[in-house]
Amino acid sequence: AVVSALAVAAIGAENVVGVAMPSPFSSQGSLDDAEELARNLGIEYRVVPIKTAMESFDGLLSELFSGTGRDITEENIQARLRGMTLMALSNKFGYLVLTTGNKSELAVGYCTLYGDMCGGLALISDVPKTMVYDLARLMNERGGAVIPLSTIEKPPSAELRPDQTDQD
């Protein structure tokens with residue numbers, strides 16, 4: 001949300017596109033927040049579900065993964081499908097993908113190579129996660145309720161498995 005708001009402030013709403021990529025683990029609340037953010041920022045908003053792509057990869061790897069349980073491997077595939085989707089849009093339409101990882105996540109390796117690390121510019125990579133929340137609150141104080149309050153208040157989650165939160 002903060003990266004989107006910074007992009008709008010830097011280059012204008014008409015030059016920013018938000019893309020939601022729901023998976024079977026995405027909450028309705030996250031999708032609602034994304035849509036509200038796009039509406040508040042006045043940006044174009046697209047939804048590209050990745051469930052079918054996830055199922056394709058499950059099928060592709062089912063024989064090789066036989067006898068193993070779901071783990072971080074499938075979570076990383078999900079993140080990489082999102083990265084691949086954004087990079088496809090970038091290549092097709094000339095968009096610049098902005099990565100959303102913050103300094104805290106990058107410092108501890110809470111990110112996926114070719115997944116959420118995809119992109120051409122990392123706007124908040126030097127900003128600690130606690131400061132990201134401070135920035136979100138400041139943006140709302142200065143610009144009205146730009147970032148949905150529920151985005152700020154709910155436990156952060158990449159929603160890569162049921163009931164997963166980032167602090168896990």
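Visitor: Is the crossing in which α1 passes α6 left-handed or right-handed?

Guide: Helices (H or I, at least four residues) and strands (E, at least two) are DSSP runs, numbered from the N terminus. A crossing is left-handed if the near helix is turned anticlockwise from the far one by less than a right angle, and right-handed if clockwise. The crossing in which α1 passes α6 is left-handed.

Visitor: At which pLDDT do side-chain atom pairs count?

Guide: Residues are numbered from 1 along each chain as its sequence is written, and side-chain values use heavy atoms, leaving out hydrogens and water. This is a predicted model, in which local features need pLDDT of at least 70, totals for chains, interfaces and linings use all residues, and side-chain atom pairs count only at pLDDT 80 or more.

Visitor: How is α1 oriented relative to α6?

Guide: Helix α1 (residues 2-11) packs on helix α6 (residues 129-143) at an angle of about 55 degrees, and their axes are 10 Å apart. Axes are lines fitted to C-alpha atoms, for helices over the stretch in contact, with angles running from 0 to 180 degrees between N-to-C directions. Angles under 35 degrees count as roughly parallel, over 145 as roughly antiparallel, 65 to 115 as roughly perpendicular and the rest as oblique. The packing angle of about 55 degrees therefore makes α1, relative to α6, oblique.

Visitor: How many nonpolar residues does the contact of α1 with α6 have?

Guide: With contact meaning heavy atoms within 4.5 Å, V2, A5 and L6 in α1 meet V132, L135, A136 and M139 in α6. Ala, Val, Leu, Ile, Met, Phe, Trp, Tyr, Cys and Pro count as nonpolar, Asp, Glu, Lys and Arg as charged, and the others, Gly among them, as polar. By class, this contact of α1 with α6 has no polar and no charged residues, and its nonpolar residues number 7.

Visitor: What covers the buried residues of α1?

Guide: Buried means under 20% relative accessible area, exposed over 50%, and partly exposed in between (1.4 Å probe, protein chains only). The buried residues in α1 are V2, V3, A5, A7 and V8. Their cover includes α2 (28-41), β3 and α6.

Visitor: Which residues does V8 contact, leaving aside its neighbours within four places in sequence?

Guide: V8 lies in helix α1. Its relative accessible area is 16%, so V8 is buried. Beyond its neighbours within four places in sequence, V8 is in contact with A13, V16, L41 and I43.

Visitor: Into which classes do the residues of the contact of α3 with α4 divide?

Guide: The axes of helix α3 (residues 51-61) and helix α4 (residues 72-93) come within 10 Å and cross at roughly 135 degrees, which makes α3 oblique to α4. This crossing of α3 and α4 is right-handed. Here A53, M54, F57, D58 and L61 in α3 meet E74, I77, Q78 and L81 in α4. By class, the contact of α3 with α4 comprises 6 nonpolar, 1 polar and 2 charged.

Visitor: Is T99 buried or exposed?

Guide: T99 belongs to strand β3 (residues 98-99). Not counting residues up to four places away in sequence, T99 touches V3, D116, M117, C118, G119, L121, A122 and L123. With a relative accessible area of 8%, T99 is buried.

Visitor: What is the phi of Y114?

Guide: Y114 sits in the loop between α5 (103-108) and β4 (121-122), and at a relative accessible area of 56% Y114 is exposed. Most residues other than glycine have a negative phi. Although Y114 is not a glycine, its phi is positive, at about 65 degrees.

Visitor: How far apart are the C-alpha atoms of G119 and E105?

Guide: G119 is also found in the loop between α5 and β4, and its relative accessibility of 37% makes G119 partly exposed. Leaving aside neighbours within four places in sequence, G119 is in contact with M87, V97 and T99. G119 and E105 are 14 residues apart along the chain, and their C-alpha atoms are separated by 16 Å.
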